[in-house]
Amino acid sequence: MASVRPLISILDTLPISVIYYKRERDATISSTYVMPPSLFHASLIPLPVGKTLIAESRNVPLPKEKAEKILEHFRYGRSTSRFKAFFAASEPSDSFVYLKKEPAFELDSVHVYRVEMQAPSPHPMAMVNRVYKALLNKEDCKHLRHLAEEYWQPKINWKFLEYISSSMTVFEELPIPDSISQAGAIWRYQEDCREALQILPKN
């Protein structure tokens with residue numbers, strides 16, 4: 001089995017556009033989660049209500065780009081590529097907290113929408129951060145495939161999920177979530193991050 005270090009070195013040299021793997025694999029998203037009745041998306045730009053939008057390639061901040069490439073490498077054709085997707089949440093507060101992690105976040109520019117996605121798939125947001133942290137740890141680097149697998153096909157009952165899809169219909173704009181709702185979303189995410197730190201292969 002190839003070591004992780006050569007894999008990371010190879011990914012470092014690749015532009016994002018060439019790591020959209022075409023390999024197919026008959027794997028379905030875990031049935032642990034029931035699709036919520038509504039999804040919510042927060043944006044720093046106003047979106048047209050009543051329109052269906054198609055995702056375009058997104059820019060990934062440099063510190064996180066390597067983690068995104070690792071996730072894409074181990075996607076194996078499942079779900080939608082994170083490099084070309086919309087992200088939504090099951091609660092308005094979750095989508096708002098997700099957006100707060102963006103470098104360009106400004107409260108005055110935030111818009112929160114109720115949306116509908118075409119065939120969205122649920123994934124634990126904390127595992128993205130877990131893969132990023134694993135890249136900074138020599139021992140954890142050995143387990144990148146295992147960590148990515150939990151993102152793409154989760155087996156744990158996560159509290160804070162992100163739903164991804166290549167298209168999204170915008171239905172209505174909503175008020176900014178209140179501070180109590182935001183605090184609840186932050187707590188759920190932090191709990192998931194603590195859970196994610198415990199994930200390692202059993203062998």
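Guide: Among contacts (heavy atoms within 4.5 Å) between residues at least 6 apart in sequence, 88% join residues at least 24 apart. This is a predicted model, in which local features need pLDDT of at least 70 and side-chain atom pairs count only at pLDDT 80 or more, while totals for chains, interfaces and linings use all residues. Residues are numbered from 1 along each chain as its sequence is written, and side-chain values use heavy atoms, with hydrogens and water left out.

Visitor: What does the secondary structure come to?
Guide: The protein has six helices and seven strands, taken as DSSP runs numbered from the N terminus (helices H or I, at least four residues; strands E, at least two). Along the sequence the pattern reads α-β-β-α-β-α-β-β-α-α-β-β-α.

Visitor: At what angle do α4 and α5 pack?
Guide: Helix α4 (residues 126–134) and helix α5 (residues 144–152) pack at about 170°, their axes 9 Å apart; axes are lines fitted to C-alpha atoms over the stretch in contact, and angles run from 0 to 180 degrees between N-to-C directions. The two helices are therefore roughly antiparallel, a term for angles over 145 degrees.

Visitor: Which residues meet there?
Guide: M127, V128, R130, V131 and A134 of α4 meet L144, L147, A148, E150 and Y151 of α5.

Visitor: And is α5 enclosed or open, and why?
Guide: Helix α5 is largely enclosed by the rest of the structure, because seven of its nine residues are buried (under 20% relative accessible area, 1.4 Å probe, protein chains only). Among them are E149 and W152.

Visitor: How much of the whole protein is buried?
Guide: Buried residues make up 46% of the 203 residues.

Terms used:
Angles under 35 degrees count as roughly parallel, over 145 as roughly antiparallel, 65 to 115 as roughly perpendicular and the rest as oblique. Buried means under 20% relative accessible area, exposed over 50%, partly exposed in between (1.4 Å probe, protein chains only).
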